[in-house]
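Student: I am new to this protein and would like to go through it with you. Could we look at it together?

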Amino acid sequence: MADKLVADKHVRYILMAEKKKESFESVVMDHLRMNGAYWGLTTLDLLEKLGSVPQDEIVSWVMSCQHESGGFAGNTGHDPHVLYTLSAVQILALFDKLNILDVGKVSSYIAKLQNEDGSFSGDMWGEVDTRFSYIAICCLSILKCLDKINVGKAVGYIVSCKNLDGGFGCTPGAESHAGQIFCCVGALAITGNLHRVDKDLLGWWLCERQVECGGLNGRPEKLPDVCYSWWVLSSLIMIDRVHWIDKAKLVKFILDCQDLDNGGISDRPDDAVDIFHTYFGVAGLSLLEYPGVKPVDPAYALPVDVINRILLTK
């Protein structure tokens, strides 16, 4: 059982993962590489090690994934999607390189994905999900282009996905899920609409996600998973109800999911590690104010200093 964060091993694990492009995991994740890069690089920044990667090389790869439409793909040679567009913008934000973007082009790509009812499609194929509402709002806020969309309608659609238990689903009437709750609460936080959330009711639903071992699950009766250390905690922080869970037990659960020899964090103790859970584990510890981990912004999922640099400059 682990009693502390083996930060140096996680840094090494992330740096090695980038080099193993031929591995099975890498091939399977090929189309998601932009998301993987965002998870890995944000983890490095939270651990104050962003300087250990070749910045120019990464930035030029990110830009090589941009399409004529303005959107970004998950890797070179793939189709653009709003999911990868946000990750690309977040990576450029980490490196303080947003100035190389054609902001008008990127923001127009996102704005065109808004539908008549205020919802957002993920790409030209038209799948609708509150995740895409969050992504569009988060991305446009970072680019200072929220006025490109109908924010009122976007907020109205998100509120229409609110359930009787206080949570939110991916579309109106869909069941509450911690991942979707983060997306909806995050979008409402960024647009200044947190008053549309029933904070006590939602806070109760969220704190009920903590199970006996200290970990959090995403829905009732599910197993705990490190990634919910992010989705549930960030939502609780945004609605000011994080004191309703046992933080010490959650810290212990995350630390117990570490691979103490080779680095990386898994979904639950003794499972295989991956970049996704490594990021959400470290980001969860950041929200829990764990020593040695930089503060992360619960709405933007980027280090607080990065968000301040963007939003506090003219």
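Student: Is Phe 276 buried, partly exposed or exposed?

Tutor: Please keep in mind that this is a predicted model. In it, Phe 276 is partly exposed, with a relative accessible area of 24%. A residue counts as buried only under 20%.

Student: And what about Phe 280, buried or exposed?

Tutor: Phe 280 is buried, at a relative accessible area of 4%.

Student: How are the rings of Phe 276 and Phe 280 arranged?

Tutor: The model has 8 aromatic pairs. Phe 276 and Phe 280 form an edge-to-face pair, with 4.7 Å from centre to centre and 70° between the planes. The two residues are separated by about one helical turn, because they are 4 residues apart in helix α13.

Student: Which residues do ring pairs link into a cluster?

Tutor: The cluster consists of Tyr 38, Trp 39, Tyr 134, Phe 182, Trp 230, Trp 231, Phe 276, Tyr 279 and Phe 280.

Student: Which ring does Arg 33 lie over?

Tutor: Arg 33 lies over the face of Trp 61, 4.5 Å from the ring centre. Likewise, the charged end of Arg 209 sits over the ring of Trp 205, at 4.5 Å from its centre.

Student: Changing topic, where is Pro 303?

Tutor: Pro 303 is in the loop between α13 (275-287) and α14 (304-311). Pro 303 is buried, with a relative accessible area of 0%.

Student: What is Pro 303 in contact with?

Tutor: Leaving aside neighbours within four places in sequence, the contacts of Pro 303 include Thr 42, Asp 45, Leu 94 and Lys 294. By comparison, the C-alpha atoms of Pro 303 and Gly 156 are separated by 29 Å.

How values were computed:
Residues are numbered from 1 along each chain as its sequence is written. This is a predicted model: local features need pLDDT of at least 70, side-chain atom pairs count only at pLDDT 80 or more; totals for chains, interfaces and linings use all residues. Side-chain values use heavy atoms; hydrogens and water are left out. Buried means under 20% relative accessible area, exposed over 50%, partly exposed in between (1.4 Å probe, protein chains only). Contact means heavy atoms within 4.5 Å. Rings of Phe, Tyr and Trp (its six-membered ring) pair if their centres lie within 6.5 Å; planes under 30 degrees apart count as stacked, over 60 as edge-to-face and the rest as tilted. A charge sits over a ring if NZ of Lys or CZ of Arg is within 6 Å of the ring centre and within 35 degrees of the ring normal.
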